[in-house]
Amino acid sequence: MDARLDRHVLDTGLVPPPDRFGMWLDMLADSPAPLRVHTEHADDFLARAEFIELGRLRLIRYHYPSLDGVRTRKLIQRSDPDYYALALTLTGTGIAGQAGRQSECRPGDFTFYDCSRPHEVSHHGLDRGLEAASSVVALIPYDALPLPHRRLSALFAGRMSGTEGVGGLLADYLLQLTGHPEQYHAADAERLAGIGLDLIATMLGRHLVSEDEVPTEVRRRALLAQVRSHIRQHLGDPAMSPQQIADAHHISVRSLHRLFEAEETTVAACIRDQRLQRCRLDLADPALRDQPVQHIAARWGFRDKAHFSRAFRAAYGETPQAYRARRLERARIVNTAAFPVNS
């Protein structure tokens, strides 16, 4: 069986309350960019950090009581990792300050800073900080971004939207990966990191107000990721077409088709394959055994029953009905073996 993405979890709830903040401080001391932190909850710091390594990209999902942190010149002299940090606020209010600039981030906002320069960060939960705060942070080596370091300084401690455009797509990517790492294979870590880095570079490039700062291939891959996300979100719409997708992304249909040429597939094939995959999952679901095949097909955009049956058989070598019967019978046998009925 393929190995899944490795996730390392630090949970202070596993130790007694007096030891929890110390456990958190030990974790920060071992991080690539240590901070000096202060909190009003040091007597019972109930917190959790989940680390996912994606090649050169490190993702961390935090859940903690309110805290304030500072990265001083002294700390930088001890550990200067040449990393950027991109933080997405999930709950609470975050404040970032660097190079004379300060921004307040609400849920759904990104902020970006340089770990090799002094900076301050604060993150407070609601209800005067009594409720926990949470965030996702991506640590990015300098040379993993195809953008000039001198230009990126204009974005340090700035606020960027994670609810629309490329920022929204990047936020979805970070939430999906850190929320469900068990759904991904370790063998795909480098490729997943590449997608993330392309999205990060594109979002930052847009905020530099110059797409020329972003290499053409990076822009192409980021646009492709946006298009694929759009297709996934609209699979149930039978009217989805190359023209509709192109209009939604403000490009021509010809440009859309060129986008897929390097993927060795077509727009239509991408739509069809994703719809078939969703249908196959539903047909194998025992909870949906009473739903007619044509209803499942229609849910994922197949209006014509005969066309769906032909496409499914061409893709999987059997009819939808035969596939469903085989998978449900296998599930019944497994369940019977696991929970035998006393005769």
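Predicted model: local features only at pLDDT ≥ 70, side-chain atom pairs only at ≥ 80, totals over all residues.
How many nonpolar, polar and charged residues does the lining of the largest cavity have?

**View 1. The open sheet has seven strands.** Reading across, the order is β1-β3-β4-β11-β6-β9-β12, and the pairing is antiparallel. At the edges sit β1 (7–11) and β12 (158–161), each of which pairs on one side only. On average, neighbouring strands here are turned by 20° against each other, direction ignored.

**View 2. Strands β3 and β4 run antiparallel, side by side in the sheet order.** Zoom in on β3 (residues 48–54) and β4 (residues 57–64), and you'll find seven bridges joining them. One to pick out is L54, whose bridge partner in β4 is L57.

**View 3. Helix α5 lies across the strands of the sheet.** This helix covers residues 165–179 and runs at about 75° to β4. Besides β4, the strands it lies across are β1, β3, β6 (83–91), β9 (109–114), β11 (133–141) and β12.

**View 4. One cavity of 30 Å³ or more turns up in a search of the whole structure.** The largest cavity has a volume of about 500 Å³. It is lined by 29 residues, and the closest to its centre are L35, Y62, Y113, V121 and V137. Two or more lining residues come from each of α1 (17–29), β4, β6, β7 (93–98), β9, β10 (119–124) and β11. Strand β10 gives the largest share, four residues. And back to the opening question: the lining has 21 nonpolar, eight polar and no charged residues.

**View 5. The largest pocket holds about 1500 Å³ of space.** Its lining takes in 39 residues, with Y184, L192, I195, R228 and R232 the closest to the centre. Helix α7 gives the most, with nine. By class, this lining has 19 nonpolar, seven polar and 13 charged residues.

**View 6. Residues 225–326 carry a domain label in UniProt.** The unreviewed entry there lists the feature as "domain: HTH araC/xylS-type". In the model this span is 67% helix and 0% strand. From end to end, its C-alpha atoms lie 34 Å apart.

Methods: Residues numbered from 1 in each chain as written. Heavy atoms only, no water. Pairing = 2+ DSSP bridges. Axes fitted to C-alpha atoms, helices over the stretch in contact; angles between N-to-C directions. Contact = heavy atoms within 4.5 Å. UniProt positions renumbered as here; feature names shortened; annotations may be inferred. 1 Å grid on protein atoms, 1.4 Å probe; cavity = no way out; pocket = protein on both sides within 12 Å on 5 of 7 lines; lining within 4 Å. Points joined across faces, edges and corners; volume = space filled by probe spheres on them. Nonpolar A, V, L, I, M, F, W, Y, C, P; charged D, E, K, R; others polar.
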